Amino acid sequence: MASEVARHLLFQSHITAKTAHTSSQVSDHEQKQKDSPRSLTMSGHVGFESLPDQLVNRSIQQGFCFNILCVGETGIGKSTLIDTLFNTNFEGHESSHFYPHVRLKAQTYELQESNVRLKLTIVNTVGFGDQINKEESYQPIVDYIDAQFEAYLQEELKIKRSLFNYHDSRVHVCLYFISPTGHSLKTLDLLTMKSLDSKVNIIPVIAKADAISKTELQKFKIKLMSELVSNGVQIYHFPTDDETIAKINASMNGHLPFAVVGSMDEVKVGNKMVKARQYPWGVVQVENENHCDFVKLREMLICTNMEDLRDQTHTRHYELYRRHKLEEMGFMDVGPENQPLSLQETYEAKRHEFYGERQRKEEEMKQLFVQRVKEKEAILKEAERELQAKFEHLKRVHQEEKLRLEEKRRLLEEEIMAFSKKKATSEIYQNQTFMTPGSNLRKDKDRKNSNFM
Ligand code: GDP
């Protein structure tokens with residue numbers, strides 16, 4: 001983005017100034033004049049021509065970051081190609097074919113060329129294409145790309161942002177590795193590229209291009225491109241709007257997808273050591289344009305279009321993600337009658353809507369609460385009524401029982417009284433008998449007493 005501004009500024013040779021108008025009653029012509037800046041010619045050097053240099057200096061100080069996503073089956077040559085592209089051995093070990101899920105592994109490296117520092121992140125798709133369920137192969141990649149956009153959006157939305165030193169992990173390019181089958185794209189390739197093309201700049205490459213003959217390769221390239229077009233897969237095309245690179249970019253677009261060979265091995269060819277793959281029948285030179293498109297890829301990816309890839313990521317793919325996300329949250333640029341809507345207005349409208357909704361919910365809750373209380377009250381009253389009835393019944397039973405017992409007691413007392421009377425009478429009678437002479441009676445009494453015993 002910095003170089004874009006620099007270029008723009010370099011070609012600018014005039015100064016602009018806006019004139020101020022105080023009257024609000026202006027004609028159309030005056031309005032036009034007011035809106036368009038006036039060109040003035042300066043009579044001497046001022047110094048703002050150094051702006052591009054200032055930008056370049058600041059960018060160099062800040063350093064750059066570039067993030068590459070490599071998508072392709074295990075063993076297709078992803079790591080080897082990345083090593084060859086950056087001419088270094090990024091530590092990494094061979095992946096197994098038996099992972100149950102696709103896992104994205106991101107590794108960040110600091111590289112320096114002259115005084116330019118590059119923070120490079122390589123994201124590898126470990127286990128891609130090794131599962132039976134192919135949907136599970138591309139979904140983690142989509143999720144990963146979205147997660148990086150989300151992290152950036154969250155940083156942007158913070159009150160206290162630190163985008164200046166934020167480690168931007170958004171994926172700037174996806175190198176999609178296609179097997180050199182010579183036939184056609186696999187369903188998984190189409191599905192994956194289709195689900196990624198609105199999120200990332202895709203550069204398809206035919207991997208291990210030394211495994212396919214020259215004539216087959218040309219046919220294969222044509223077939224792949226027509227398949228991508230007919231399936232509506234949007235791949236990244238090198239931009240042709242900047243006239244300084246338009247010609248080379250246009251010609252390189254015609255070579256897509258690049259057929260690449262990767263190798264870190266050095267082989268002596270003539271009197272030079274070159275990166276190559278050596279076979280019993282000959283040597284495939286990585287940097288020989290007659291052997292493969294490796295140099296074209298490196299030129300296009302690193303030397304010519306790295307800044308455009310970063311720019312496209314921000315202005316196209318991230319913008320799309322951000323727009324969808326903000327729309328999902330209810331933010332809009334225009335209202336229902338197509339009138340422009342500011343963020344403040346949307347916020348106020350949302351707040352209003354939210355309060356309305358909250359009040360409605362509160363009212364609902366209140367009503368629900370009252371209804372529940374009434375229901376509970378009715379249940380309690382019913383229980384109370386039942387208890388009261390039980391109590392009354394028990395009280396009546398108890399009363400009856402009491403009456404019955406009292407009656408029994410009365411009868412018993414009467415019986416006792418009658419008995420006592422009888423006893424007293426008999427005692428009086430006995431006493432009288434003792435007083436009268438004659439032993440018959442006494443004998444009778446003794447006999448009775450012994451019977452009792
Ligand atoms: P990754 O699993 O996709 O990262 O694959 P690697 O980069 O580890 O490569 C797997 C194997 O393929 C290694 O033995 C490499 O030497 C070999 N390989 C890598 N690039 C090429 C290539 O361009 N052509 C051929 N024939 N073999 C390659």
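Predicted model: local features only at pLDDT ≥ 70, side-chain atom pairs only at ≥ 80, totals over all residues.
On the helix 4 side, the contact is made by L81, T84, L85 and F86, while helix 9 brings F294, L297, R298, L301 and I302. Sorted by class, this contact of helix 4 with helix 9 has 7 nonpolar residues, 1 polar residue and 1 charged residue.

**A covered strand**

Now let us turn to strand 7, which spans residues 202-206. How many of its 5 residues are buried? The count is 5 of 5, and the strand is mostly covered. In a regular strand, side chains alternate between the two faces of the sheet. Here I202, P204 and I206 point one way from strand 7, whereas I203 and V205 point the other way, and all are buried.

Which strand pairs with strand 7 over 5 bridges? It is strand 6, residues 173-178, and the two run in the parallel sense.

Most residues other than glycine have a negative phi, and most peptide bonds are trans. The model has some exceptions worth a visit.

| Residue | Phi | Relative accessibility |
|---|---|---|
| S114 | about 50 degrees | 68%, exposed |
| K208 | near 45 degrees | 40%, partly exposed |

S114 sits in the loop between strand 4 (103-113) and strand 5 (116-126). Exposed means over 50% relative accessible area, so S114, at 68%, counts as exposed. K208 belongs to the loop between strand 7 and helix 7 (214-230). With a relative accessible area of 40%, K208 is partly exposed.

The remaining stop is a peptide bond. Is the bond from L256 to P257 cis or trans? This bond is cis, with omega near -10 degrees. You can find P257 in the loop that lies between helix 8 (246-253) and strand 8 (258-259).

Methods: Residues numbered from 1 in each chain as written. Heavy atoms only, no water. Contact = heavy atoms within 4.5 Å. Helix = DSSP H or I, 4+ residues; strand = E, 2+ residues; numbered from the N terminus. Nonpolar A, V, L, I, M, F, W, Y, C, P; charged D, E, K, R; others polar. Buried < 20%, exposed > 50% of the residue type's maximum accessible area, 1.4 Å probe, protein only. Pairing = 2+ DSSP bridges.
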